[in-house]
Amino acid sequence: AISAAAMTVGSAPQASSMALLRSAAVSDWEACGDAFYARELLHDMVWDHGGVVLESRRSTGAPYGGPIALVRDERRLVVVTSSTVTPEIRIHAASGRRLGTARWESAGRLVEWGWSDALELVVVDDAGRVAVFSVHGEKLREFSMGEAVARAGVAAAKIGGDSLVVLTYGAAPTPLGHSATAAAAASTGAIGSGNGVSSGGA
């Protein structure tokens with residue numbers, strides 16, 4: 001992975017100033033407009049390309065170069081073996097180093113997953129069941145969005161910060177087949193840790 005550092009020379013540098021900087025710049029710095037950039041090696045990439053086939057996996061990465069989670073994409077046809085019946089979530093550092101593995105034991109379909117602000121992996125299935133894992137694959141907690149959501153089914157979900165919002169199917173379908181009923185789970189701390197669940201119409 002490469003990091004870029006920038007050094008600006010002012011919003012409107014004179015031609016002579018730029019020429020002086022260009023002549024004095026060391027080889028590690030490259031001019032780009034009115035700024036100079038240098039690349040630094042942060043770490044070597046250690047991805048096991050033989051064991052990670054991204055085309056058949058779903059992935060979600062935490063912001064700012066955080067961990068990356070991978071799971072088999074159930075929407076694709078694969079040869080079913082004893083190891084693929086229960087989906088395995090693999091968690092890697094951005095460099096590719098394996099941080100941990102978790103078993104996602106839900107019988108439902110994965111609707112949405114992502115990382116919270118606390119770097120916890122949140123996984124939502126189509127029945128409104130939510131599992132929360134650590135960066136090492138340890139299951140921290142599990143909760144349900146409620147019976148009403150389970151009966152209606154989850155059409156879509158969104159994870160943001162330390163909040164989770166789901167959109168359910170309903171009795172009166174829209175042209176897209178979704179209802180106008182939403183249910184939300186939110187907390188000031190970690191998702192699912194003393195959260196409140198509420199629902200309302202849109």
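Contact is taken here to mean heavy atoms within 4.5 Å. The structure is a predicted model, in which local features need pLDDT of at least 70 and side-chain atom pairs count only at pLDDT 80 or more, while totals for chains, interfaces and linings use all residues. Residues are numbered from 1 along each chain as its sequence is written, and side-chain values use heavy atoms, with hydrogens and water left out.

By this criterion, and not counting residues up to four places away in sequence, Trp113 touches Arg58, Ser59, Thr60, Ala69, Leu70, Val71, Ile89, Leu121, Val122, Val123 and Ile159. Trp113 is also one of the residues with the most contacts inside the largest nonpolar core, which has 14 residues. A nonpolar core is a set of buried Ala, Val, Leu, Ile, Met, Phe, Trp, Tyr and Cys residues joined through side-chain atoms within 4.5 Å. Buried means under 20% relative accessible area, exposed over 50%, and partly exposed in between (1.4 Å probe, protein chains only). At least two residues of this core come from each of strands 5 (68-72), 6 (88-92), 8 (110-115), 9 (121-125) and 10 (129-133). Strand 8 gives the largest share, 3 residues. Another core, of 13 residues, lies apart from it and includes Val111, Val130, Val154 and Leu164. In soluble globular proteins, nonpolar side chains tend to be buried together.

Strands (E, at least two residues) and helices (H or I, at least four) are DSSP runs, numbered from the N terminus. Two strands pair if DSSP finds at least two bridges between them. Strands 6 and 7 are joined by 5 bridges, and Ile89 has Ala102 of strand 7 as its bridge partner.

A further open sheet, also of 4 antiparallel strands, has the order 8-9-10-11. Here the edge strands are strand 8 and strand 11 (139-144). Strands 9 and 10 pair over 4 bridges; Val124 is the bridge partner of Val130, and Val122 that of Val132. These two strands form a hairpin with 3 residues between them, and Gly128 in the turn has a positive phi of about 80 degrees. Strand 10 is mostly covered, with 4 of its 5 residues buried. Strand 10 is joined to strand 11 by 5 bridges, and Val132 has Arg141 as its partner in strand 11. The hairpin of strands 10 and 11 has 5 residues between them, with Gly137 in the turn at a positive phi of about 90 degrees.
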